[in-house]
Amino acid sequence: MTDRMHLLPKGADDQAQLWNGAAGRAWAEECTMMDAMLHPFQERLVAAVAAQGGQRVLDVGCGTGAVTLAIARNRPAGMVTGIDISAPMLAAAEVRARAAGLDPRFLLADAESHDFAESGFDLVVSRFGVMFFGQPVSAFANLWRATRPGGNLCFFAWRSAVENSFMSLAEKAASSFLPPLPPRQPHAPGQFAFADRDHVAGILRDSGWGEIDIAPMDVECGLPLDRLPTYLSRFGPLGRVMDGLEPGRRQEVLAHLLTSFAPFIQGEEARFTAACWQVNAMA
Ligand SMILES: C[S@@+](CC[C@H](N)C(=O)[O-])C[C@H]1O[C@@H](n2cnc3c(N)ncnc32)[C@H](O)[C@@H]1O
């Protein structure tokens, strides 16, 4: 837990605990690796912002800030805002902003309930940062209120765990070694909460968004092979379990996981297809 957790609203739930605990630390410490892996999505969001032409942009669940900074690079200071509930991730984002000589606004707050007042954003974007809301309809209604009439929403979310085996294989492969992880509940806050297209469309409709377009997008991604052990040991639900294992046991499980990931290995890289939705809507 970080010393800035007290700034978040009380009862902001497990997601705040998670992203201010092991998951947030892993993202903060390994942001270079994660940004390289997810770079194709950054490029697409930067292109969406350029095509849109608006100036005031909100990046929801901005994490360590790669997308926020890439968007801020082409606009006047202070026009781009990143919001996140993770203090360690935002701290990493602030360090990167200073190093890059950029001046976006970073808010440590819950995007579901934060009062954006008269922000009037032209565009709200997110790279995998909007699937964690406890009350998604009220969260997207809050983002709708923060957007000017006619402004746009553009985000990426994962399709199902079955279609994203790179993201879900580790927990399956480890099941013969470790006690079973709690099953993922469809629609529950988490990585695959937006797997069901109709569910996402319903959330957006009920929260006031129009012109909803939810398009499947398959994106080739890669990770240097020598980073795969770090990825498997620190990320996703299994990463959190691995964190608590004694070192010998962790090595044993990791060796088994690396064997299971052999189908993804091409030369010096682990390569996979990210099965996602690109979601666009208008306020
Ligand atoms: C999968 S990470 C993606 C981070 C970043 N968008 C990126 O692509 O590098 C999800 C992010 O959503 C943030 N998040 C989760 N729930 C949130 C909420 N209610 N309000 C703001 N941020 C939230 C997490 O702290 C985390 O930084």
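The chat below goes through the ligand site, the strands and a few loop residues.

Q: What kind of model is this, and how are residues numbered?
A: This is a predicted model, where local features need pLDDT of at least 70, side-chain atom pairs count only at pLDDT 80 or more, and totals for chains, interfaces and linings use all residues. Residues are numbered from 1 along each chain as its sequence is written, and side-chain values use heavy atoms, with hydrogens and water left out.

Q: Ligand first. How many residues surround the ligand, and which are the closest?
A: There are 17 residues around the ligand. The closest are Gly61, Asp84, Asp110, Ala111 and Arg127. A residue is near a molecule or strand if one of its heavy atoms lies within 4 Å of it.

Q: What is the shell made of, by class?
A: Ten nonpolar, four polar and three charged residues. Ala, Val, Leu, Ile, Met, Phe, Trp, Tyr, Cys and Pro count as nonpolar, Asp, Glu, Lys and Arg as charged, and the others, Gly among them, as polar.

Q: Which N or O atom in a side chain is 2.5 Å from an oxygen atom of the ligand?
A: One in the side chain of Arg127. On the backbone side, a ligand nitrogen is 3.0 Å from a polar atom of Ala111. A ligand nitrogen is also 3.4 Å from a polar backbone atom of Ile85.

Q: How much of the ligand's accessible area does the protein cover?
A: The protein covers 97% of the 590 Å² that the ligand has on its own. Accessible areas come from the Shrake-Rupley method with a 1.4 Å probe; for residues, only the protein chains shown count as cover.

Q: On to strands. Is β4 largely enclosed or open, and why?
A: Strand β4 (residues 121-127) is largely enclosed by the rest of the structure, because seven of its seven residues are buried. Buried means under 20% relative accessible area, exposed over 50%, partly exposed in between (1.4 Å probe, protein chains only). Strands (E, at least two residues) and helices (H or I, at least four) are DSSP runs, numbered from the N terminus.

Q: Which strands pair with β4 in the parallel sense?
A: Strand β1 (residues 57-60) runs parallel to β4, joined by three bridges. There, Val57 has Leu123 as its bridge partner. Strand β5 (residues 147-158) is also parallel to β4, over six bridges. Two strands pair if DSSP finds at least two bridges between them.

Q: What stands opposite Arg127 in β5?
A: Phe156. Likewise, Ser126 stands opposite Phe155.

Q: Loops now. What is the phi of Phe128?
A: Positive, about 60°, although Phe128 is not a glycine. Phe128 sits in the loop between β4 and α7. At 9% relative accessibility, Phe128 is buried.

Q: Where is His187?
A: In the loop between α8 (165-173) and α9 (197-206). His187 also has a positive phi, about 75°. His187 counts as partly exposed, at 39% relative accessibility.

Q: Last one: which residue's side chain does Arg159 contact?
A: Asp218, through a polar contact of 3.0 Å between the side chains. A polar contact is a pair of N or O atoms within 3.5 Å; within protein, one must be able to donate a hydrogen and the other to accept it, and residues adjacent in sequence count only if both atoms are side-chain atoms. Arg159 lies in the loop between β5 and α8, and is buried at 8% relative accessibility.
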